[in-house]
Amino acid sequence: MKTLNTILTSILLVFVFQTASFAQSTNITETFKEHFNKTVQEVQETDDADEKRAILNESFDKMIHAIDQIESKASLTEDETAMLDSYKLGLTEKKSELNGLDGFDEIMDEDLDDFSNFSQDFIEQANRTITIGVTTALLILIILLLL
């Protein structure tokens, strides 16, 4: 019986360490890319320009809100906070561009599909990788799913 307990404990520890090592490499940009890919699909499946604009605004708001929640609830390093702030600034500029705020011209209704593709390219090609712990990654997923 003692041998069985030792084996089960060893197997459990292997899974715990494997999960912890995977969690350290969780990349927040991949989570946002997946989220925005779904947004682009929704925008392109819709014919109504007002609905497209609402979908894009909602998606930008969710990502910005998720970043705000992460910054307020997670224990982050200065580098992680700076990367999140940079990412949030880029998203805020895209939202301002969509709505014609902060000196941007509003995106015309007929250009919303192109704008969603352009925004997706911006998110996918952003020259930043934000690596965070599993707790923060789970927090992001929960926030994006609940919003």
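**Close-up 1. Gln120 and the residues it touches.** Once sequence neighbours up to four places away are set aside, Gln120 touches Phe36, Asn37 and Val40. This is a predicted model, so read the contacts as those of a prediction. Gln120 itself belongs to helix α5. With a relative accessibility of 15%, Gln120 falls below the 20% cut-off and therefore counts as buried.

**Close-up 2. Lys33, a buried lysine in helix α2.** Lys33 sits in α2, the helix that runs over residues 28-45. Its charged side chain belongs to a residue with 18% relative accessibility, so Lys33 counts as buried. Ignore the neighbours within four places in sequence, and Lys33 is in contact with Ile123 and Glu124.

**Close-up 3. Helices α3 and α5 side by side.** Here we have α3 (residues 49-73) and α5 (residues 112-125), whose axes come within 10 Å and cross at roughly 20°. Angles under 35 degrees count as roughly parallel, so that is the label for α3 and α5. As for handedness, the crossing of α3 past α5 is left-handed.

**Close-up 4. Who's who in the α3–α5 contact.** On the α3 side, the contact is made by Ala49, Lys52, Arg53, Leu56, Phe60 and Met63. Helix α5 brings Leu112, Asp113, Phe115, Ser116, Ser119 and Ile123. Sorted by class, the α3–α5 contact holds 7 nonpolar, 2 polar and 3 charged residues.

Definitions and conventions:
Residues are numbered from 1 along each chain as its sequence is written. This is a predicted model: local features need pLDDT of at least 70, side-chain atom pairs count only at pLDDT 80 or more; totals for chains, interfaces and linings use all residues. Side-chain values use heavy atoms; hydrogens and water are left out. Axes are lines fitted to C-alpha atoms, for helices over the stretch in contact, and angles run from 0 to 180 degrees between N-to-C directions. Helices (H or I, at least four residues) and strands (E, at least two) are DSSP runs, numbered from the N terminus. Angles under 35 degrees count as roughly parallel, over 145 as roughly antiparallel, 65 to 115 as roughly perpendicular and the rest as oblique. A crossing is left-handed if the near helix is turned anticlockwise from the far one by less than a right angle, and right-handed if clockwise. Contact means heavy atoms within 4.5 Å. Buried means under 20% relative accessible area, exposed over 50%, partly exposed in between (1.4 Å probe, protein chains only).
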